[in-house]
Amino acid sequence: MEHPDEPDAATAPERTPDGHHIVVNGRRWRATDPAIPEKLRQELVDELMAARRAVKAAEPEARRRVHDAKTALGERGAPWWEQPTPEESAERIAAAIRTLTRKREGSSICPSDVARAVGGEAWRNRMDEVRRVTAALADRDEVVVTQKGEPVDVASARGPVRIRRGPAL
């Protein structure tokens with residue numbers, strides 16, 4: 001049985017033969033990275049839709065929110081089907097962190113959620129990189145890293161940490 005929120009084959013947009021793009025009214029648009037787990041993909045899409053509404057309402061930072069969400073989804077930035085450079089990978093990770101912390105306002109995210117969103121089945125291999133990017137965002141006050149509810153330096157923290165939205169985001 002199909003999920004009620006998912007389009008069926010008859011209403012889903014046409015895809016290019018390689019699956020990298022969807023075709024809408026004759027125009028190609030980059031498809032969302034299919035390796036993103038459904039729950040995380042939905043959170044990223046929900047934030048994208050909220051950001052688009054914020055653009056329409058002329059809210060400050062709305063366009064950056066849209067860009068971050070689309071980058072996190074793999075619809076902008078380095079193509080998800082190619083091996084990214086370290087800089088491209090870091091930008092997608094940062095976009096995913098910003099998008100998920102905005103979506104979960106008042107709560108926190110686990111670094112593994114970010115790794116799963118950008119790394120697919122090989123997410124465990126991305127954890128060190130996620131922590132490095134998180135440290136850079138924390139240095140800019142875009143995020144706050146906590147352990148047992150207390151702020152910590154992610155570079156020196158051992159064990160599980162959480163990431164929440166920082167004052168500069």
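Strand S4 is joined to strand S5 (residues 150–151) by 2 bridges, and the two run antiparallel. The model is a predicted one, in which local features need pLDDT of at least 70 and side-chain atom pairs count only at pLDDT 80 or more, while totals for chains, interfaces and linings use all residues. Residues are numbered from 1 along each chain as its sequence is written, and side-chain values use heavy atoms, with hydrogens and water left out. Helices (H or I, at least four residues) and strands (E, at least two) are DSSP runs numbered from the N terminus; two strands pair if DSSP finds at least two bridges between them.

Gln147 stands opposite Glu150 in S5, and Thr146 has Pro151 as its bridge partner in S5. S4 and S5 form a hairpin with 2 residues between them, and Lys148 in the turn has a positive phi of about 55°. S4 also pairs with strand S6 (residues 162–165), in the antiparallel sense, over 4 bridges. Here Thr146 stands opposite Arg162. The resulting open sheet has 3 strands in the order S5-S4-S6, with antiparallel pairing; S5 and S6 are the edge strands, each pairing on one side only. S4 (residues 143–147) is mostly covered, as 4 of its 5 residues are buried, where buried means under 20% relative accessible area, exposed over 50% and partly exposed in between (1.4 Å probe, protein chains only).

Another open sheet of 3 strands has the order S1-S2-S3, again with antiparallel pairing. Its edge strands are S1 (14–15) and S3 (27–30), each of which pairs on one side only. Strand S2 (residues 21–24) is joined to S3 by 4 bridges and runs antiparallel to S3. Val24 has Arg27 in S3 as its bridge partner.

Helix H1 (residues 38–56) has 19 residues and reaches 27 Å from its first C-alpha to its last, close to the 27 Å expected at 1.5 Å a residue; the expected span is 1.5 Å times one less than the number of residues. The buried residues of H1 are Leu40, Glu43, Leu44, Val45, Glu47, Leu48, Ala51 and Ala54. These buried residues pack against H2, H3 and H4, with contact taken as heavy atoms within 4.5 Å. Just after H1, Ala58 takes a positive phi of about 60°.

Ile93 is placed in helix H3 and is buried, with a relative accessible area of 0%. Leaving aside residues up to four places away in sequence, Ile93 touches Val114, Val118, Arg126, Glu129, Val130 and Val133. Ile93 and Asp139 are 46 residues apart in sequence and 16 Å apart in space, C-alpha to C-alpha.

The second largest pocket holds about 300 Å³ of space. A pocket is an open set of points on a 1 Å grid over the protein atoms alone where a 1.4 Å probe fits, with protein on both sides within 12 Å along at least five of seven lines, and lining residues have an atom within 4 Å of a point. The volume is the space filled by probe spheres set on the points, which are joined across faces, edges and corners. The second largest pocket is lined by 21 residues, of which Trp80, Glu82, Pro84, Arg92 and Val118 lie nearest its centre. Helices H2 (62–72), H3 (86–103) and H4 (111–119) are the elements that give two or more residues to this lining, and H3 gives the most, with 4 residues.
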